[in-house]
Amino acid sequence: MKPSILVARAIFPEVLKKLEQVFDVDHNQADEVLSAAELQSRMRGKLGALTTGSERIDAEVLAACPQLKIVANMAVGYNNFDIGAMTAAGVLATNTPDVLTETTADFGFTLLMATARRVTESEHFLRAGQWTKWSYDMFAGAEVHGSTLGILGMGRIGQGVAKRGAHGFGMNVIYHNRSRLTPELEAECKARYVSKDELLKTADHLVLVLPYSAASHHAIGAAELALMKPTACLVNIARGGIVDDAALAVALREKRIAAAGLDVFEGEPRVHPDLLTVPNVVLTPHIASATITTRMAMATLAADNLIRFLTEGKALTPLNPQVLER
Ligand code: 8YV
């Protein structure tokens, strides 16, 4: 008998087929978002699960699913996992690092440029039939090349954004991170380490690329926004909850910063209603890793983690490798 697994959300049919060669798969190709209760009941009795950021794996879910051995997240971020509870329950957690780094950094730049150059706002104006003449300051935005790019969170994706800014756009790159990069990596990224305050005060474009945790909750709130330049643009490709969205909407409306580009939101897919009514914000529905090639690589890596672990006891990208040693 094949081991049974749950694939919690719809995935590429090719990846599902690959899993079905090895496992008895309970899938969700209808792509219903499962409630916590539905997730528990569908995962009960299964040895493994493939999840996305939408499924929360915590002590309660784990207690209801004692057979569970592995949960493979199709995401690099894993704030939907209680890693401590998973480790205590002997459940391996895996994520999908590296395969999405460059694509997500590309999108960081997409959003930075769309925000600086007011792409969404000007397109709405055009579509509404309001474009009747040229004028010297129509949708004049912020300079990108040669400006100061600030990066909060200098992991792999942050470094990708830094390289694009430094090498592609001649930007002066500064960053803040829990730990400083090695001199070699700083040279590769042409990035200078600064305090968080200096980052906030100096950046013309501030890109957030840090993981979400209790420590980074509202890392950008009213006080931090007040330190930023009134001409600055803020870009969040990290996680909702890192920015206080209500405070950001106020700062945007009152032009305390120039503009923002947001791919992630507190409590998404809900979006703070005030963000929907301010003009100087570019909003996208959590699509930074969304290219077919990258999503396929993420799904394949998550599937390969399940296959390797449940057939050979090994994993490609474990988050709590101590479970493998038991
Ligand atoms: C995913 C992401 O699309 O990898 C991450 O951490 O945020 C995105 O690439 C999303 O989390 C769905 O799992």
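This is a predicted model: local features need pLDDT of at least 70, side-chain atom pairs count only at pLDDT 80 or more; totals for chains, interfaces and linings use all residues.
**View A. Packing of helix α5 against helix α7.** Helix α5 spans residues 101–116 and helix α7 spans residues 156–169; their axes lie 8 Å apart and form an angle of about 55°. This angle makes α5 oblique to α7. The crossing of the two helices, α5 and α7, is right-handed. On the α5 side, the contact is formed by Thr101, Glu102, Thr104, Ala105, Asp106, Phe109 and Met113. The α7 side contributes Arg156, Ile157, Gly160, Val161, Arg164, Gly165 and Phe169. By class, six residues of this contact between α5 and α7 are nonpolar, four are polar and four are charged.

**View B. Packing of helix α1 against helix α13.** Helix α1 (residues 13–22) and helix α13 (residues 292–312) cross at roughly 5°, and their axes come within 10 Å. Helices α1 and α13 are therefore roughly parallel to each other. Glu14, Val15, Lys18, Leu19 and Val22 of α1 meet Met296, Ala299, Thr300, Ala303, Asp304, Leu306, Ile307 and Thr311 of α13. The contact of α1 with α13 comprises eight nonpolar, two polar and three charged residues.

View C. The residues around the ligand are Thr52, Gly53, Met74, Ala75, Val76, Gly77, Leu100, Arg239, His286, Ser289, Arg295 and Met298. Backbone atoms take part at two of these positions: a backbone N or O atom of glycine 53 is 3.1 Å from a ligand oxygen atom, and a polar backbone atom of valine 76 is 2.8 Å from an oxygen atom of the ligand. At arginine 239, an N or O atom of the side chain lies 2.7 Å from an oxygen atom of the ligand.

Note on methods:
Residues are numbered from 1 along each chain as its sequence is written. Side-chain values use heavy atoms; hydrogens and water are left out. Axes are lines fitted to C-alpha atoms, for helices over the stretch in contact, and angles run from 0 to 180 degrees between N-to-C directions. Helices (H or I, at least four residues) and strands (E, at least two) are DSSP runs, numbered from the N terminus. Angles under 35 degrees count as roughly parallel, over 145 as roughly antiparallel, 65 to 115 as roughly perpendicular and the rest as oblique. A crossing is left-handed if the near helix is turned anticlockwise from the far one by less than a right angle, and right-handed if clockwise. Contact means heavy atoms within 4.5 Å. Ala, Val, Leu, Ile, Met, Phe, Trp, Tyr, Cys and Pro count as nonpolar, Asp, Glu, Lys and Arg as charged, and the others, Gly among them, as polar. A residue is near a molecule or strand if one of its heavy atoms lies within 4 Å of it. A polar contact is a pair of N or O atoms within 3.5 Å; within protein, one must be able to donate a hydrogen and the other to accept it, and residues adjacent in sequence count only if both atoms are side-chain atoms.
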